[in-house]
Amino acid sequence: MRRTLKILALSLAPLMAQTTPASAQTDAEQVMNIGRNVLSMDDYMLSIQYFNQAIKAKPYLSEPYYLRAFAKLSLDDFAGAEEDCTLAIERNKFKTEPYRLRGFARQSLGKDSLAIEDYDMGLRYNPQDKYFLFYKAVAQTELRRTADADSTFSTLLRIYPGFDEGYTARGRLRAIEGDTIGALADIGKAISLSGTAIQPYLLRADIEVKRKEWQNALADMDEAIRLRPHEADYYLNRAFIRYNLDDYFGAMSDYNYTLELEPYSTAALFNRALLRYEVKDLDRAATDLEAVLGIDRDNFHARYNLGLVNLERGKYREALSDFAVINRRYPRFHPALYARAEAYRLMGDMRSAMQNARAADELVRAYVTNPEKNPLDRPAIQAGTANNGQTGHEGESEEQVMDRFNQLVTAGSPADTQLAYNDRIKGRVQDRDITVDLEPEYMISYIDSPESLKSTSNYFRELDDFNSSRYIDRKLYLTPVPDEVSSDSYDTLFALADRYARQAEENGRAADWLALGVAKAMLKDFEGAIHAIDKAIALYPEFAVAYMERGYARQASGDPRLAAMAASDYDEALRLNPRLVFAWFNKGNIMYASGDYTSALHCYSEALETDPQFASALFNRGITYLRMGNKRQAFADLSKAGELGVLPSYNILKRMK
């Protein structure tokens, strides 16, 4: 034992060696470049931290305010984006990008008039800018300045006749104006220009629903779902269309799948309840309505229908309780009084039945005599939307209220324009419509993960040795790359990076350079991380932990050349530790990303040879098999991965079957 410890100490000695100091300082331009790269990876919170540093160093520059505004807008902080754009414009009023971004932020805040002022300012400098014209026309449409909007769209489409979004938006304008023929012509043009754009299909389906052209509407919703199969609202709206085509089975299937995607969708729960009520599946209808009330206890619509369901299934006291809740809040809502009368009648309490019926009759009689003096309660019919919002219908007659009680509701008009900020910051690479993501690679981190090292038999031995030797004052973990890091953690990481940079310069130890590299990688400054770890490896060429982390930094940089070098780093880590399954796993992800699925399979299989319970490797190998068309092997891997806790496996299995 003593001999083993002595050899270990000698092999790690370079971690404490001295070297020549190097500068750890970065200027504002460097910080801004790192922030840009981080922004291109859609890590908005971290990019804001970098732009904060640039602003602190050089508050007179316009660009960091603009870039921070873009990050804030991407987080739906429209007010913050508007404020930062104003600060950018104050520092340089001749750059057009902040006007466009501020206009979009203002438009998103409902400040359409102010947005138009920004777009006009941008058009002074660049009168043919596509998105200044487009956003201006949309803002004019929102303000119902239809003649102005039509003129702006005409200019836009004359200059850019292939701009499909322009035709879609003008189609919406024409639909608002009542020109259905013109609207359909524009929508058809948009579809012919871009078969992958979703909004034209939704807009046309909305028009077809209003015209009760249910079969055509169904075809368009089918196409929208084909293009974006994970949007819960689309299934909800298709269910409404199928219901009107008397396809109850299809409608029920769509409600069920909506609830798989959005388990707390009150609209789907409510609609499914009404459909179950209609086919006399009363117990399950009641269960759905109770679920709606569990999410939204004040949902008047669900409460009333639950009362009707309880009345029909013979639970009279429960029904009376439901109607009493309604009457306490809306004492002049006469349908609930009539329903209470029916419940009492069925219970044999004729006196109470007559009292409630008489009270309802008197409310109606008084209203007919003098509507202004004796108004009836007309509560908003609240049917939760897929995002748990509420849709009110004020001013309806009692007959309309009761009709709506027994009518399925949708998630809202599918024709609502969903503006997206079309400019892209340099390097934006993520595709939000990707349907399947691999399980992420592993990295060295200062923050533990509940998913890290599930298999204790295959822990990272060299990392454990490093931590046991306490070369640095923080423990390092091997974890899957997290979806996000808290803003508080970023503050800590910046402080750690500064401290380890100073220590590395002063002491020149491989351990300090590794510690700096880990902090830089967590802050997504991959160039800085690679530079620091290069120094660690130069000092200690047998540093398995450093090879693993440099491999991750190169892989995560997004640079294909560096990704190829990352594979070499993982090979070196495996030379030092042949049982390091995480190096095989990360290398497999590189091969998959490059389209070399055969090599990816080999890597995942090597990892699983050492650890057959490595759930992430099973999942990724299953996805790779699917890419290669091997469903039998894919299903076996995905089934096992799901059993071990990778939940997306079940969703993929269901969809593929």
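H10 passes H11 in a left-handed crossing. This is a predicted model. Two packed helices are described by the angle between their axes and the distance between the axes.

**Helix pair H10 and H11**

- Helix H10 covers residues 164-177 and helix H11 covers residues 180-193; their axes come within 8 Å and cross at roughly 165 degrees.
- Because angles over 145 degrees count as roughly antiparallel, H10 is roughly antiparallel to H11.
- On the H10 side, the contact is made by Asp164, Tyr167, Thr168, Arg170, Gly171, Arg174 and Ala175.
- On the H11 side, the contact residues are Gly182, Ala183, Asp186, Lys189, Ala190 and Leu193.
- Sorted by class, the contact of H10 with H11 has five nonpolar, three polar and five charged residues.

**Helix pair H16 and H17**

- The axes of helix H16 (residues 266-278) and helix H17 (residues 282-295) cross at roughly 160 degrees and come within 8 Å.
- That angle makes H16 roughly antiparallel to H17.
- H16 passes H17 in a left-handed crossing.
- H16 contributes Thr266, Leu269, Phe270, Arg272, Ala273, Arg276 and Tyr277 to the contact.
- H17 contributes Leu282, Arg284, Ala285, Asp288, Leu289, Ala291, Val292 and Ile295.
- The classes in the contact of H16 with H17 are 10 nonpolar, one polar and four charged residues.

**Aspartate 220**

- Aspartate 220 lies in helix H13, which spans residues 214-227.
- Is aspartate 220 buried or exposed? Its relative accessible area is 4%, so aspartate 220 is buried, the cut-off being under 20%.
- The side chain of aspartate 220 makes a polar contact with the side chain of arginine 204, at 2.8 Å.
- Leaving out residues up to four places away in sequence, aspartate 220 touches Tyr201, Arg204, Ala205 and Glu208.

**Loop residues with positive phi**

- Lysine 212 sits in the loop between helix H12 (199-210) and H13.
- The phi of lysine 212 is near 60 degrees, a positive value in a residue other than glycine.
- Lysine 212 has 60% relative accessibility and therefore counts as exposed.
- Aspartate 246 is in the loop between helix H14 (232-244) and helix H15 (248-261).
- Aspartate 246 is not a glycine, yet has a positive phi of about 65 degrees.
- With 62% relative accessibility, aspartate 246 counts as exposed.

Note on methods
Residues are numbered from 1 along each chain as its sequence is written. This is a predicted model: local features need pLDDT of at least 70, side-chain atom pairs count only at pLDDT 80 or more; totals for chains, interfaces and linings use all residues. Side-chain values use heavy atoms; hydrogens and water are left out. Axes are lines fitted to C-alpha atoms, for helices over the stretch in contact, and angles run from 0 to 180 degrees between N-to-C directions. Helices (H or I, at least four residues) and strands (E, at least two) are DSSP runs, numbered from the N terminus. Angles under 35 degrees count as roughly parallel, over 145 as roughly antiparallel, 65 to 115 as roughly perpendicular and the rest as oblique. A crossing is left-handed if the near helix is turned anticlockwise from the far one by less than a right angle, and right-handed if clockwise. Contact means heavy atoms within 4.5 Å. Ala, Val, Leu, Ile, Met, Phe, Trp, Tyr, Cys and Pro count as nonpolar, Asp, Glu, Lys and Arg as charged, and the others, Gly among them, as polar. Buried means under 20% relative accessible area, exposed over 50%, partly exposed in between (1.4 Å probe, protein chains only). A polar contact is a pair of N or O atoms within 3.5 Å; within protein, one must be able to donate a hydrogen and the other to accept it, and residues adjacent in sequence count only if both atoms are side-chain atoms.
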